[in-house]
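Okay, thanks for having me. Let's get the model up on the screen and take a walk through it.

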Amino acid sequence: MTHYPPLGKVLVIIPTYNESQNIESITGRLRKAVPEADILVADDNSPDGTGDIVDRLVAADSHIHVLHRRGKEGLGAAYLAGFHWGLDKGYGVLVEHDADGSHQPEQLPLLLEALKTADMVKGSRWVKGGKVVNWPKSREVLSKGGNLWTRMWLGIPLKDATGGFNAFRAETLKGMGLDEVASAGYCFQVDLAWRALKTGHKVVEVPIEFVEREFGDSKMSNNIVIEAMIRTALWGVEYRSGQVKNFVRRLTGRGEREGLPPTDA
Ligand SMILES: Nc1nc2c(ncn2[C@@H]2O[C@H](COP(=O)(O)OP(=O)(O)OP(=O)(O)O)[C@@H](O)[C@H]2O)c(=O)[nH]1
Ligand SMILES: [Mg+2]
């Protein structure tokens, strides 16, 4: 059995763009739910003044930190900056958490508990016990369709690869090639899970309750959906063609001569 070291200090990263109506309440709930954790808000110079609110929170609470970024560059870029900030400072666990109230801070302890025996934990809407509240049918169809698309191309054993409430051991992030991540929108989450799995890490899903945002606007767009579909299909083509190549090699006996492991195809 793999030995998992103790978790170490936890950093919850919250990317924000125009979340002035949500940020204070979500950081307050997080501080209550997991008082020992630190919070890093990665704000892309939100025009609605989210950054100023966070400055006030930072001044009042040494557990809260902020990264003021130049401008809107997508959730993926904000998370990458947050990961690097946290890894440089020696945090043992890095958590992804939305500002909009969709993720419940009170469920973070469940993710951290599961991380004691895993490398990455995904909060999942689509495993048994998971649920969505107030989501229009169209969003549910899009999410389930996106996950089906992902499983079809990548063959990964995850029900909710697109979910954004995730916890990583620092070692997992260090070992999965973060420097090559180029995804900006939704598929950033798939990208991370796919990289973790490809590099041999144990990824587990825990059921979460996902609640549609009450305040502020969603940043979901057609471009984000298209990016996710195209990138996932490209990774899938690479992965599936590798599978076919290996299969043919083994069939023709070249695999054995080249020392490939026996096929389970
Ligand atoms: N820093 C930064 N944060 C972003 C950006 N885009 C989205 N976010 C934040 O990322 C989190 C998730 O974004 P949402 O707009 O809720 O998008 P979503 O959760 O994918 O979509 P919905 O399900 O419709 O809410 C929120 O905290 C946003 O404020 C961005 O370009 N930069
Ligand atoms: Mg959201």
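Predicted model: local features only at pLDDT ≥ 70, side-chain atom pairs only at ≥ 80, totals over all residues.

Residues are numbered from 1 along each chain as its sequence is written, and chains are lettered from A and ligands numbered from 1 in the order in which they are written.

So, find I39, in strand β2. Helices (H or I, at least four residues) and strands (E, at least two) are DSSP runs, numbered from the N terminus. Leaving out neighbours within four places in sequence, I39 is in contact with V12, I14, T27, L30, H63, I64 and H65. How far is I39 from V66 in sequence and in space? They're 27 residues apart along the chain, and 8.2 Å apart from C-alpha to C-alpha.

Is I39 buried or exposed? Buried means 20 or more other C-beta atoms within 10 Å of a residue's own, exposed means 12 or fewer, and partly exposed is in between, with C-beta atoms placed from the backbone. I39 has 25 such neighbours, so it counts as buried.

Now helix α4, residues 108-115, where the buried residues are L108, L111 and L115. Looking down the axis of α4, those buried residues fall within an arc of 60°, so they line one face of the helix. That arc is taken from the directions from the helix axis to the C-beta atoms. Why would that spacing work? An α-helix has 3.6 residues a turn, so residues three or four places apart point the same way. Covering the buried residues of α4 are, among others, α1 (23-33), β4 (93-96) and β5 (120-124).

Most residues other than glycine have a negative phi. N18, though, has a positive phi of about 55°, and sits in the loop between β1 and α1. N134 has a positive phi too, near 65°, in the loop between β6 (131-133) and α5 (137-154).

Key. Contact = placed C-beta atoms within 7 Å.
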